[in-house]
Amino acid sequence: MTRRRIPAVLMRGGTSKGLFVRLEDLPSDLAVRDRVLLRAFGSPDPYGRQMDGVGGGHSSASKVAVISRSTRPGCDIDYLFGQVAVDRALIDWSGSCGNLLSAAASFAIDEGFVDVPSEGLATVRIWQVNLGQQIVARVPVQAGQTAETGSFEMDGVAFAGAEILIEYPPQDNADGGLFPTGRVLDRVEVPGIGRFDVTLVQAGMATAIVEARVLGLAGTELPEHINGDDELLERLEMIRAACAVAMGLAKTPQEATQTRPHMPKLAFVSPSIDYRASNGQVIGASSIDLVARIISMGKLHHAITGTGAAAIAAALQVPGTVPYRLAQTRSPKVRLGHASGILTVEADVSQTAGTFTADRLAMSRSARRLMEGWVCTPGEFWPQDESDLAAIAR
C-alpha cells in the first residue's frame with residue numbers, strides 16, 4: 001500500500017522539540033489518529049531510538065502538538081499536546097508541555113491563525129486543551145512573521161534566539177486551587193519504599209515535589225547519572241505513581257504508570273550548592289535559589305520542563321512546602337538550577353479563604369521552525385474508507 005503524507009512542521013520550543021500539525025489534517029477517529037502518529041514517530045521502539053520515525057528517542061523530542069483556530073472567546077488557538085512514548089504504543093494526552101508553548105505561538109503566527117503587526121510584539125492567546133487553561137505568549141515579529149534570531153540565550157539550547165514571554169494568568173481553580181489536596185505538605189506512602197513528605201501542586205501542570213535527600217540523592221545529578229540506573233528509576237516511578245493517586249489523577253499506581261506516565265511530573269529539589277552542568281559550566285550556589293531536577297516519562301530531563309518549573313516556583317512562595325523549606329529566597333523571581341543551567345520563573349501567589357492561587361506565572365523561552373513539509377507513514381495505518389479521513393493525502 002502506498003505511503004500517506006500529513007502536512008507537518010518540526011519545531012523547537014524552549015528545550016523541547018515537537019511535530020506540529022493542524023487538527024484538520026489528522027484523522028477524525030481518535031484511535032486512528034493515535035495509531036498514525038505513533039507510526040510517524042517510530043513508536044513503539046524496543047531499542048529506544050525511534051529510528052524508523054521522526055521521534056528523537058527521548059521525551060524532550062517525542063512530542064506532538066495539534067493546533068487549530070479556537071472558537072473559545074478570548075483565545076486565538078487551541079493547543080492539544082501529546083507526549084509520545086518511545087518504547088510503547090501510547091500517546092499521553094493528559095498533560096501539557098510548557099516549553100512547546102513558545103513554538104505553538106510561533107506556529108500560529110506563521111500559519112496565519114493570528115493577525116499580527118508587521119513589526120513589534122504580537123500577543124497570542126492560547127487555550128491549552130488538555131488542562132483547560134489559558135496561556136498568553138508575547139512574540140516578537142519581523143515582516144509579519146515570528147522573529148527567530150536574537151540575543152536571548154537559554155541554558156540547554158546551543159544557539160541564541162528571540163525572547164518569547166510565556167504568561168499563565170490566574171486560572172479558575174474550582175478544585176482546591178494551587179494544592180489539590182488542600183494541604184501544602186502531604187505524607188505519601190509507597191509500599192516497599194517508605195513514606196515521603198511531598199508537596200503536590202497544580203500550577204502549569206500537576207507536579208509532585210520531594211526533597212532530593214530523602215531519595216538518597218544529592219539533587220545535582222545529571223541525566224547520565226540517573227538514566228542508567230534502572231532500579232532507581234523504578235523507585236522514582238513508584239513514588240510518582242503514588243503521588244498521582246494522592247492527587248486524584250489515577251485510581252491506582254498501576255493505572256498511573258500504564259496510562260498517565262506524563263502527569264504528574266516528579267521533581268526533586270535541594271538547597272543551592274555549586275555543581276557542574278551538562279555542558280561543563282559551573283553553576284554557583286549564589287546564582288540560584290534552588291536546585292531542581294524533574295523526571296519526565298521515566299527519565300531525568302536534560303534541562304527542566306517549563307510546566308514543572310512553574311509548579312516549583314509557585315510552591316516556593318507558600319510557607320511549609322518542600323521548596324519553601326529549602327530555598328534561599330522568598331522573591332517572586334525564582335532562579336532554578338537545573339541539569340543544563342539556570343531558568344528564571346516569576347511566580348505571584350495569593351491566598352483567599354485558605355485557598356492558594358497562582359495569580360501569575362511567567363518565563364521566557366524561544367522557538368524556531370526547523371523543518372516543514374510532510375511526515376510520511378505507511379498507508380496500512382490509515383482507514384481504507386477515504387470518507388473517514390480528515391486528512392488529505394497530497
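Reader: Let's start with the largest pocket: how does its lining divide into nonpolar, polar and charged residues?
Author: Bear in mind that this is a predicted model. About 630 Å³ of space lies in that pocket, and 28 residues line it. The lining divides into 8 nonpolar, 12 polar and 8 charged residues.

Reader: Which residues are the closest to the centre of the largest pocket?
Author: The lining has 28 residues in total, and a handful of them are the closest to the centre of the pocket. Those are Asp87, Ser296, Met297, Gly298 and Lys299.

Reader: Which element gives the largest share of the lining of the largest pocket?
Author: Three elements each supply at least two lining residues: β4 (77–84), α4 (230–246) and β17 (299–300). The largest share is 5 residues, and the element supplying them is α4.

Reader: How many cavities of 30 Å³ or more are there, and what is the volume of the largest cavity?
Author: The count comes to 1 cavity of 30 Å³ or more. As for space, the largest cavity has a volume of about 50 Å³.

Reader: How many of the residues of α6 are buried?
Author: Helix α6 covers residues 306–316. Its buried residues include Gly308, Ala311, Ile312 and Leu316.

Reader: Which residues have the most contacts inside the largest nonpolar core?
Author: That core has 62 residues. A second, separate core of 25 residues includes Val210, Ile226, Cys243 and Leu266. Back in the largest core, the residues with the most contacts inside it are Phe20, Ile67, Ile77, Tyr79, Val124, Leu178 and Ile312.

Reader: Take Leu178: what is it in contact with, leaving aside neighbours within four places in sequence?
Author: Leu178 is one of the residues with the most contacts inside the largest nonpolar core. Setting those sequence neighbours aside, Leu178 is in contact with Leu200, Val201, Gln202, Ala203, Ala314, Val318, Val349, Phe356 and Ala358.

Reader: Is His338 buried or exposed?
Author: His338 sits in strand β18 (residues 333–338). Not counting residues up to four places away in sequence, it touches Asp155, Tyr275, Ala292, Arg293, Ala303, Ile304 and Leu343. The cut-off for buried is under 20% relative accessible area. His338 has 2% relative accessibility, so it counts as buried.

Reader: What separates the C-alpha atoms of Glu346 and Leu361?
Author: Glu346 is in strand β19 (residues 341–352) and is partly exposed, with a relative accessible area of 30%. Not counting residues up to four places away in sequence, it touches Pro332, Lys333, Arg360, Leu361 and Ala362. Glu346 and Leu361 are 15 residues apart along the chain, and their C-alpha atoms are separated by 5.5 Å.

Reader: How far apart in space are Glu380 and Arg138, C-alpha to C-alpha?
Author: Glu380 is in the segment after β21 (367–378), and at 58% relative accessibility it counts as exposed. In sequence, Glu380 and Arg138 are 242 residues apart. In space, C-alpha to C-alpha, the distance is 42 Å.

Reader: Zooming out, what is the radius of gyration of the protein?
Author: The protein has 7 helices and 21 strands. For 394 residues the globule rule gives 21 Å, and the protein comes close to that, so it is as compact as a globular protein of that length. Its C-alpha trace spans about 55 × 50 × 45 Å along the principal axes. The radius of gyration itself is 20 Å.

Reader: What percentage of the contacts with a separation of 6 or more comes from residues 24 or more positions apart?
Author: For background, 56% of the 394 residues count as buried. Among contacts with a separation of 6 or more, residues 24 or more positions apart account for 64%.

Methods:
Residues numbered from 1 in each chain as written. Predicted model: local features only at pLDDT ≥ 70, side-chain atom pairs only at ≥ 80, totals over all residues. Heavy atoms only, no water. 1 Å grid on protein atoms, 1.4 Å probe; cavity = no way out; pocket = protein on both sides within 12 Å on 5 of 7 lines; lining within 4 Å. Points joined across faces, edges and corners; volume = space filled by probe spheres on them. Core = buried A, V, L, I, M, F, W, Y, C linked by side-chain atoms within 4.5 Å. Buried < 20%, exposed > 50% of the residue type's maximum accessible area, 1.4 Å probe, protein only. Contact = heavy atoms within 4.5 Å. Helix = DSSP H or I, 4+ residues; strand = E, 2+ residues; numbered from the N terminus. Nonpolar A, V, L, I, M, F, W, Y, C, P; charged D, E, K, R; others polar. Rg over C-alpha atoms; globule rule 2.2 N^0.38 Å.
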